[in-house]
Amino acid sequence: MFKLLTKDFWDVTARLILRNKIIILVGIVIATYLFSTQWQYMRFSNTEANLLPDDHEANIAYNNFLQTFGEEGNLIVIGVKDSTLFTVEKLNAWNKFCSEFKDYDAIEAVISIKDLQKLVKNTDEEKFTLEPFIKDSVTSISQIKTLQNELFNKYPFYDNFLFNSETKTVRTALYFKKSLVNTSTRKEFVLNILEPKIAAFETNYDLDVRISGMPYIRTKNAENIIDEIGKFVLAALLVTSLIFFFFFRSFRATFISLIVVCIGVMWTLGIIGLLKYEITVLTALIPPLIIVIGIPNCIFLINKYQHEVKLHGNKVKSLQRVITKIGNATLMTNVTTASGFATFILTESTLLKEFGIVASLSILAIFILCLLIIPIIYTFLPFPKDRHLEHLNKRWIGGFVNWMEHMVRQKRIAIYAISVLLLIVSMIGINQIKISGSLIEDMPQESEFVNDIRFFEEEFDGILPVEIMVDTKRKKGVMKLSTLKRMDQLEEFIEETPQLSKPISVVGLVKYSKQAYYNGNPKHYQLPTSQENSFILSYAKNSSSDVDLLKNFVDSTGQYARITTFMKDIGTDKMERIQENLGDKIAKVFPEERYNVTMTGKALVFQKGTKYLVKNLAISLSLAILLISIFMAYMFRSARMIIVSLIPNLLPLLVTAGLMGYLGVPIKPSTILVFSIAFGISVDDTIHFLAKYRQELQANKWKIKPSVYGALRETGVSMFYTSIVLFFGFSVFTISSFGGTVALGALVSATLLFAMLSNLLLLPSLLLSLERSIANKQVFKKPPINVIPEEDDNIPEHSANLD
């Protein structure tokens, strides 16, 4: 009954499409226009990808910190490592250049060498005052030498913040307004003001100026993502269209396919805008993905049309059969592919949910577009000429088909042995896989801004902010000497950690105050004693508000303090060890009943996000397997067939995971997508093969061997061609400057290649070896859905066969 309903459905669908072609084309044009109006709502992400659910403890801790102290990633640094900077002309030019940034509304504060202040003791008025190191400008080399001696030898408070006393590297801190740091204003400032001004300064004074800091890194990274969207789309169009033309040798068929996938890309961008999603490093991959996935649909449909025309010469009948015969098969395969992406919707990560929603909707959309546009366009075109059908007669691929059949007939034991060997070797490789949660690892490693990150890491021990917030659980508890001593112990531990920079906190200010109280003697740069503390605090209270340097390190109530350090770009394992060591030290120094201390910052949140994704990888992949298993159970009504069909699709995933271990490709947010995507796509070949196999069983009166070989000959070529398209299509991503995207493209390509061989060699071998268990009418029941319906009018079926 269901079979009849399915057949009737596709017959009715074919009639509706072919009889209402003008209306449908107008509808597609209108829909495309409406989607294009949504492009204006597409936004490029102004922040790093947050991989964690909103209610995750790491996100809660980070948001609590932001509420207390505001945005922590608002520091832009510009630096110079050049001995010629310490000349009268260049030092004055540098100071003037840095001061000019104070005139921009987007900048909250600028701290350069000229802005540095000496904290000076005023004995008469019993208060501290501030005096600049440089009053107006330097006038002589001797003045510069005095300045260098004071900064590099006498004032440790500023060391490793604005200069490196050992290498004489100097930098300036630009504090972006916290309210604007995550808006488009940041991009305008960085690209239209900061970079042009620095380029002009470099040219005028022959200095190499380095730029970094989270606002700058975010902006440059976003620019790379934007640039790569266009590059990927053009490359995917070029590669897939060339392969398509190689198969069909028809400009007309190639052009039709390009029209379809281009409309699909327009719809994808419209879906992103309609849902008000940000374009991230993940969603940027979807437009080229749609091209890569859409072209095989076009291959199936156009080849079926040309094959039907060659068989009986009736164009209308051929187009009707394209819809009724191939429509169902392409629907099933597109649904399984979409299911692989849709599993990400069930995760709690907003980033992955958005990726899953847009990708799955876009895949279904490209299927609808292919099914509607291709048959309709061909109704307007003249009857195909002989040269358009020549590819159907090509025999060069026959050798490949013969090789497959020979392997399955004669080398079945070898196929099993190789499969088991690959499984064992892969399991060993899987044990070597590492996890990476680095913010910088996937960024373009050869780019100038990443080189600048490395420069500041080397000179100032890190660029990624790590924040420690100390809650004293009482107002004005921070300035108690006991709290300051505990913070000082923790800071000493941080300084001993080579991956972390010198910490900045209120402790340094208090030490600086004691140094000032003793007339600037650097030997007294230390915390005061209880007796000294009362005198120094009295001086601080009498000082003007200009000397209030606490506001960035202590909240207005005096209950919360922050310790800021910067971390180098290190692997997740090292980051975890550092975090554990810091946690142990905090537990020893700060009693829980008196203090509540939390560690946060973008680097730690990102690392937690990677760990979260790894934990959810098994869930996501299991969901994909479960969904597709249920789907195949509904199709074939055989539990044993589900197991047989999963084996050749799971083996390539294990091989790929093993390769990752051997090649040192870590599990990270980009590569973690490989498995669900590849599984959702590779299972399409299994569906085509098993559907044809069931049909051959019926035709051959349940004789196993002729059915397996018949299915292999019929589907082998089309599986080979579509796998080639997918292989080279995903290989497009290897041209990316993002390491994670390169790894994603290479790994998915490799997985699909393994999956093709597995489905063409291992799957038919299993069917032959297990024939008594699975190949009878009771076990392999007739499915409720005919993926490849039986032919009418004695016309043999060659679903998407290209030989």
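Helices (H or I, at least four residues) are DSSP runs, numbered from the N terminus. The structure is a predicted model, in which local features need pLDDT of at least 70 and side-chain atom pairs count only at pLDDT 80 or more, while totals for chains, interfaces and linings use all residues. Residues are numbered from 1 along each chain as its sequence is written, and side-chain values use heavy atoms, with hydrogens and water left out.

A search of the whole structure gives 8 cavities of 30 Å³ or more. A cavity is a set of points, on a 1 Å grid over the protein atoms alone, where a 1.4 Å probe fits but cannot get out. Grid points are joined across faces, edges and corners, and the volume is the space filled by probe spheres set on the points. The second largest cavity has a volume of about 200 Å³. Its lining (residues with an atom within 4 Å of a point) consists of 16 residues, of which Pro296, Phe300, Ile681, Asp684 and Leu726 are the closest to the centre. Two or more lining residues come from each of helix H9 (286-312), helix H10 (315-342), helix H21 (674-699) and helix H22 (704-731). H21 gives the largest share, 5 residues. By type, the lining holds 6 nonpolar, 8 polar and 2 charged residues; Ala, Val, Leu, Ile, Met, Phe, Trp, Tyr, Cys and Pro count as nonpolar, Asp, Glu, Lys and Arg as charged, and the others, Gly among them, as polar. The cavity lies between domain 1 (1-41 + 249-390) and domain 3 (394-431 + 637-789), because both give residues to its lining. The domain bounds come from an automatic or database domain assignment.

Helix packing was examined next. Axes are lines fitted to C-alpha atoms, for helices over the stretch in contact, and angles run from 0 to 180 degrees between N-to-C directions. Helix H7 (residues 214-248) packs on H22 at about 155 degrees, with the axes 9 Å apart. H7 is therefore roughly antiparallel to H22 (an angle over 145 degrees). Helix H20 (residues 639-663) and H23 pack at about 145 degrees, with an axis separation of 8 Å. The residues of this contact of H20 with H23 comprise 17 nonpolar, 6 polar and no charged.

How values were computed: On a 1 Å grid over the protein atoms alone, a cavity is a set of points where a 1.4 Å probe fits but cannot get out, and a pocket is an open set with protein on both sides within 12 Å along at least five of seven lines; lining residues have an atom within 4 Å of a point. Angles under 35 degrees count as roughly parallel, over 145 as roughly antiparallel, 65 to 115 as roughly perpendicular and the rest as oblique.
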